[in-house]
Each structure stands twice: as structure tokens, then as C-alpha cells.
Number of protein chains: 2
Amino acid sequence: MSVEPDVLDEVTPDLIRRIEDALAEDRAGEVRRLLGDLSAPGQASVLEQLSDPERDKLVGVLGRDLDPEALIELNDEVLESVLGQLNSKDIAAAAHELESDDAASILEDLSDKELREVLAELPANERADIEHALAYPEGSAGRMMQRSLVRVPDGWAIGQVIDYCREATDLPDDVYDIFVVDLEGRLRGSVPLGRMLRTKRPVPILDIVDPDIPSVPTTADQAEVAHVFRDFNLVSCPVVDAEGRLQGVIMVDDVVDVIDEEAEEDLLKMGGVGVDDMHADAVRTARLRAVWLTVNLATAVLASLVIGQFEHSIEKLVVLAVLMPIVASMGGNAGTQTVTVAVRALAMGELTAANALRFVAKETVVGGLNGMLFALVMGAAVVAWYGDWQLGAVIAAAMICNLVAAALAGTLIPLGLQKFGVDPAVSSTVFLTTVTDVIGFVAFLGLATLFLL
Amino acid sequence: MSVEPDVLDEVTPDLIRRIEDALAEDRAGEVRRLLGDLSAPGQASVLEQLSDPERDKLVGVLGRDLDPEALIELNDEVLESVLGQLNSKDIAAAAHELESDDAASILEDLSDKELREVLAELPANERADIEHALAYPEGSAGRMMQRSLVRVPDGWAIGQVIDYCREATDLPDDVYDIFVVDLEGRLRGSVPLGRMLRTKRPVPILDIVDPDIPSVPTTADQAEVAHVFRDFNLVSCPVVDAEGRLQGVIMVDDVVDVIDEEAEEDLLKMGGVGVDDMHADAVRTARLRAVWLTVNLATAVLASLVIGQFEHSIEKLVVLAVLMPIVASMGGNAGTQTVTVAVRALAMGELTAANALRFVAKETVVGGLNGMLFALVMGAAVVAWYGDWQLGAVIAAAMICNLVAAALAGTLIPLGLQKFGVDPAVSSTVFLTTVTDVIGFVAFLGLATLFLL
């Protein structure tokens, strides 16, 4: 009962400091005691908060005292560095404690040689389960599923099932559903444990089975799996092969991790960052981010070329240079709002072919409305400031143009990318700002050249 | 077994078109048949994809045939419009079918008068459960929990518990854990159903109880609840009052919704959009977004004032106007990368007081590295383009300044906002672009004024 609502309360800055001090002064006993008091996620949190050398030292001190469950919670970069400090016997000991799907997720990034060494330390049946999981591609339902589950033939009565459960010693604690299969091993449905407990012994299990439960194929992508759990409010979901034969079960806690990952990916991609950034070292981080910044540089240079076309206008009327970033910036921000809504709605399946047209139309109206609002505001401000109503009219017209263009680009770019199978989260914003910069500068400087000079 | 991996496969654009046609031609029977074949999330997806008038018509046709479970899946804006089409008897009938926590989540946005009318239609015990839930603040553990659970005294043996479960008729199907309480109703721990099934009847329940399971107080925030589920891989979590007495249980499917909501909020806030945007009408959407655009306008005007200080320099050397947006834009983008990582890491509890300094230092190094890289690239490009090595040196120096400033602002702003209790997702980017615009223009135009004129 003593667990705090937030696991992070357990890992206070003060505790981190005490661990760091104990590590610095090589007080191994104290380190082990401080870590031993923590839950697995608490240990993971400590590992993620320490610096690289401190973490290496800590793993060296803890060795097998490290909770194997903590490994599952680690960020990929941190996991890699922790595994690098453990020998294959220690890693195998940890894998032995875990479900096959969790063990596979820890071992999947090892080199072939390391993986072989670790697997050689494991009992044959565990090795087979892990190899089976690793045979499915990363991010597939086959990789996510665990193979230990309760499977009973469709001819049994409740009494037989209960007796079977009571006698089987290797069943996991986290059994929530009994799966019923036919003679060929094809899934016929499931029975929640609670319902079985409330049913009389002679009743055939088929009488209380849910035949219409959702299942996913081994080949399903993890994002699809998350959709099924989300939409059907599932706790567990059976996984079947192409012939409908039961292969394993995915539990909701693994799906929560997937949902977190996907959300993180979308957020980071929209911000122009790759995954794992927080724990990568500075040089690697700089290199990863430089890719995106290079793309952005190309956009910025393109915008700059556009401005270059109007050098003479700016020479004659330098106030244009002062005001032009406002139009471009408002377009970029309004467009980002639209892109963000579109990307999220596409990811959640709320934006589809059926309502795409309505969405584009609505966003265009929104762009027009806000275009008029800010045209009025900026137009008035410029007239008041410079006493030049023509300049005010030009910035107002450019603002409307750019906010409508931002709405069209902000909807059509992600929809188009999605249609061509490109992830809209990654590339939408760069295309968008290209459009809003170019249109913003062309509209403002172009109209100014036409009407003011 | 027939359910597709992705529920959206069930709701095809073609199906939407057929439903729209049937609605347009008032073929109520066909509408009911088309919708009747769908799962609850499928119905929700249809409701979200139709236009407002179509949706109103559909709800009118379906009435009580609408699956109550579909209501839970609806976006808030859409739910409001659906409830607006139903009378209080229909809403009460739907609430009657749902768990008290789900019923409360549907009714929470009704006006007091509507709520009273709906509650009056419900049996006294259900009314009490819903009122009990609504008494807790929105987004709290108390509001999220359901009150129906299996609770047994700590003096019982397994046999008594099994008999109790078999005889109780009102237990929900989704029971996964038995909760054990003492005479005062204080939670003593839980027993997974699977473990109980495998234990002999005379064994005291206290012998197999997990005493150290996490619990959350009724006052916990939903984000904290999600943290506990995530960190401990839970399927259900008991909720206790200040005295440790068991009040209810939160199931993982509700937590999945919370995780989705929080991720969506963070993403949308970073993009400068409020929640519910997709389904709000154009005028309301425009108004909501205008707030953020106004803040952005202020930033842009500030940047423009900075440029205005250098009018004379630009007049003499118009190429400055051509090149200046490049420096500002690169700073803005590099800073956005940093802010995105910081906001996510803060939300996930990976960035704390313990490692904040290391994070700032690392990001500054990253900013410096990429600053030097792009200084070199742009410096060389400008020399090649304009044949002016001094201009090249100025843009290179400004680039380094601005990317280091972006790194410092991108880390210190979200950390500072978090420290003062302001949500860093909402306000970080606007402060950031203010910094990168101002520093970008000042550094480039300032250095140019000093060295080139």
C-alpha cells in the first residue's frame, strides 16, 4: 500500500544525489541498499537520470541485483549502454526472469554474436520462445505477443477447464481470459476468467464463449494493434496466423508502451527530431538533427531567393524589409496549427477520405476568417504607424493571401503525403513553411512592387 | 473472429457514402441496418465522420438503437451534439447500460437541469453511483474509477472467496483482481484471479495476497494515474481515500484514453491549437486559434521593431534583408527541436532537477556544433555567391550565436515554465521564437552594421 501515486516521487533529486555520492566514493554496499529499496520502474528512472560513466559504474556494482523488469522500462539508448556493461550470463539470467516477449524486446538490438551467446545460456524451451518472437519483424504483433496463455479445446466443460487451471503449474499470474480452440488449433473465442468462475461445472465452455472477440494477425503492425485495443477497450488480444490458428496473446501493458512510443514519435517528428534524442550523446544528437536543419536551410535559402527578386523594391522602400517577416511568420504559425490538427486526426483515424473535403473547406474558411482579422489588425497598425494607407492595404491583402494559402497547404500537404504512403508527421511542416514563406514574401513584396513603387 | 485488425477497415469511405445517401433519401430502415452491423467504435467513427446535419439526422433515426458504448468513444464536441439530439429518457437508457465511471464521463458536460432530468430516470443505486463519481473533480482518480469491484474481508479462506464470486450475480465480467480489505475497509492488497484459481480452498486469502500493490488516492490527477499504470504495467489499480479505505478501481482501458488525451494535448499545444479543434465549427475554431496567432503577432512585431533599428544598414546594403530571415529561421528550427525534446522529457518524467544541468550543457554543445556546421555552410555559400568574405564571416558568426542562443532558450524556457507551474507545452515555442528572432536579427544586422558599413 506504500507505493506513491507517482513513481517519480520515489526517485527524488535527493536520492539521485545520494546515489551519485555513493558511486563517487565507491560505497558499493550503500549503492546496493539504495537501489534495492526501489521498484523496477524506480531503478529504470535512476539509470536514465545518471550520466553515462555513473550509469556504467552503477551497473557494475549492481550486476545481477538489477531488477530484470527495470530493463523493459529503459529507453533504447540507455538499455544498450546497460547491456554493454553486463556479460552474456547476466543478460541470460535477466531474460530468464521475463516473459518471452519482454525478453525478446531486450535482446533485439544485440549483435548476432552477443545474441547467440546469451541464448546459449538459456534453457531450450525459453531459447525457442525467444527465437520464435525474434523471427517476427520488429513492431509486428508476432513480436509483441507472449506465447504463454491458457488454451483449452472447444469440447471441454467448465469443470474440466477449472481443474486444468488448478493443476497447471506454469500458468502466468496475469491470466485474464481463457482461449478456446478447435482441433486444428483455430481460435473459437474467449471466456473472461471472472465469467468462468461464476458458471456451473457441467456447462460446456462453448456455451459461455465470446465468439466475436477481436483478434489480430501475427503480421499486424503495432499501431494497428494499439487501435484494436483502444477501440475495443481490451485487456488482452489473441494473435492468430493466416489460417486463424492461435499463436499467442498480446497484453495491454505492452500496448500502453506502444501508444506512448507512437505519441512520442509523432511529437518529436513534428518538432524535427528523431527518437531517442534525450539520451544520445551530443555529437550523435547534433548529427541526427543536422539532417532536418539542412532541409530547413534549403527552405530558408529558397525564401531568401524570393526576397532577392525584390531587392530593388526594398532598396527604394526599406520598410518592406521591416514588415515582411510578419506576414511570413503569421502564415507559418497558422499553417502549423492546421498541420498539427491534420496529422493528429490522420493518426487517430478521424480524418479519412469521407470527410477530407469537408476538413479542407472548413480549414480554408478558418484561414480566411483569421486572415481577415489579422489583415485588419496589421493594416490598421501600419496605417497608424507609417501614415500610409496603401502600405496598410498591401500588408492586409498579403496577410489574407498567406493565411488562406497556409490553410490549403496545411490540409493538402499532410493528406497528400498520407495518400502517397509518406508519414505526414515527418515532412508536413517543412513543406508547409516553404509554402508560407514563399507565398508570404511574394504576396507582400509583389503587391508592394505593383502598387507602391 | 471476424473483426479486422483495424476497426477503421469496418468503416470504409464507401460505407460512409452509403449511409449519407440513405440519410439523404430518408431510407431509415437501411440506415438502421448499416449501423446495426457495426461495432460500437465503428458507430462512433461514423458519427465523427458525418457532417453536423447528417449526424443529427442519424441520431434521430437511430434513437435508442445507438450503442451506448459508442458514446464513450466520441470526441467531446461530437458527444455534445449527439446528446443534444436525444431526450433525457434515451440518455438515461444509455447511462443505464454503462459502468458508473463511463456514464459519468458522458453526463459530465450536461447542464445541471439536463443532468437532473437524466438522473431522475435512473434507478436509485445507479443514480447514487453516478452522483458519487461526479462529486469528484473532472480528471481525478475519483472521477475515473468504477465502484463495482470484488472486495472480500481479510479473514476469509480461498474457498469462501470462490463461493462468494460464484454466488454473486452482479459482478462485472471484467474482474481481474480480488481486493482484500480489513474491518475498517482499508485496502490490504489484491489477488489476481488466475492465482486464486490455482490455490487450494482452505488456504487463507492473506497467504497469497500481494500486499505491496500500487494504489492511488481519489484526489490523484489522471496524468499521475497514467504514470502508475505505465510504470507498473497494471491492468487495474485500486483507488483509496485519505484513510486508505478502498473506494473503487480504475481499469486500464480508461487509462489508455487518458494517455491518448494527454499525448494529443501535448501535440496540439505545441502546435498552438486547443483540444477538440477537429470537430468544432469554423467560427469557433478561428476564434480559438486567433488567441495563439495574436501572441505570435506580438512576437513578430517585436522582431520587426528590432529590424527597424537597422533600417539605415539595410538601406545601404540591401542584401542584409535578403539574408536575415535565414539566420532567424535556422535558430527557430534548432530551438524547436530542443524544446520538443525538453517538453516530452518533462512530461515523461525523464528530465528532472537531477539531470537538468547536464541536459542544458548537452543541448548547448549540440547547438554549438550545429551552429559551427551551418556557419561554415552558409558562410561559404555567401562568399561564393556575393564574393564578399566579410559578409560571409558576419552570417557565420550570427549563425553560431543564434544556434547557441536557441539551445539555451530551448532548454531554460521549458525548465523555467515547469518550475513556475506553467505548462511548458503551451508557451515554450512562442517564447523561444521571440528569442531566436530577436537574437537572430540583432546578431546578423548588428555585426553587419559594425563590420560592413
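Helices here are DSSP runs of H or I with at least four residues, strands are runs of E with at least two, and both are numbered from the N terminus. With that in hand, hello everyone, and let's walk through this one together.

A word on the source: this is a predicted model, where local features need pLDDT of at least 70, side-chain atom pairs count only at pLDDT 80 or more, and totals for chains, interfaces and linings use all residues. Residues are numbered from 1 along each chain as its sequence is written, and chains are lettered from A and ligands numbered from 1 in the order in which they are written.

Let me start with a glycine. B:Gly367 sits in helix α20 of chain B, residues 356-386. Is this glycine buried or exposed? B:Gly367 counts as buried, with 29 C-beta neighbours inside 10 Å. By buried I mean 20 or more other C-beta atoms within 10 Å of a residue's own; 12 or fewer is exposed, anything in between is partly exposed, and the C-beta atoms are placed from the backbone. Which residues does it touch, leaving aside neighbours within four places in sequence? They are B:Ala334, B:Leu403, B:Val404, B:Ala406 and B:Ala407, where contact means C-beta atoms, placed from the backbone, within 7 Å. B:Phe229, by comparison, is 138 residues away from B:Gly367 in sequence and 36 Å away in space, C-alpha to C-alpha.

Now over to chain A, and helix α8, residues 100-107. All 8 of its 8 residues are buried, so this helix is largely enclosed by the rest of the structure. Among them are A:Asp101, A:Asp102 and A:Ile106.

Next, a helix pair. In chain A, α15 (residues 252-270) packs against α21 (residues 424-452) at about 20 degrees, with the axes 8 Å apart. Those axes are lines fitted to C-alpha atoms over the stretch in contact, and angles run from 0 to 180 degrees between N-to-C directions. The two helices are therefore roughly parallel, a label for angles under 35 degrees. Where do they meet? A:Asp266, A:Lys269 and A:Met270 of α15(A) meet A:Ala425, A:Val426 and A:Thr429 of α21(A). That contact divides into 3 nonpolar, 1 polar and 2 charged residues. For these classes, Ala, Val, Leu, Ile, Met, Phe, Trp, Tyr, Cys and Pro are nonpolar, Asp, Glu, Lys and Arg are charged, and the others, Gly among them, are polar.

Most residues other than glycine have a negative phi. A:Asp26, in the loop between α1 (13-24) and α2 (28-36) of chain A, has a positive phi near 55 degrees, and is exposed with 10 C-beta neighbours inside 10 Å. A:Asn233 also has a positive phi, about 50 degrees. Its loop lies between α14 (222-232) and β5 (236-240) of chain A, and A:Asn233 is buried, with 20 other C-beta atoms within 10 Å.

Finally, how do the chains come together? The contact takes 111 residues from chain B and 112 residues from chain A. On the chain B side, helix α17 (residues 282-308) gives the most, with 16 residues. By class, that side has 64 nonpolar, 24 polar and 23 charged residues. The copies meet through the same surface, because 100% of the interface residues of chain B are also interface residues in chain A.

Key
Two residues are in contact if their C-beta atoms, placed from the backbone, lie within 7 Å. Angles under 35 degrees count as roughly parallel, over 145 as roughly antiparallel, 65 to 115 as roughly perpendicular and the rest as oblique.
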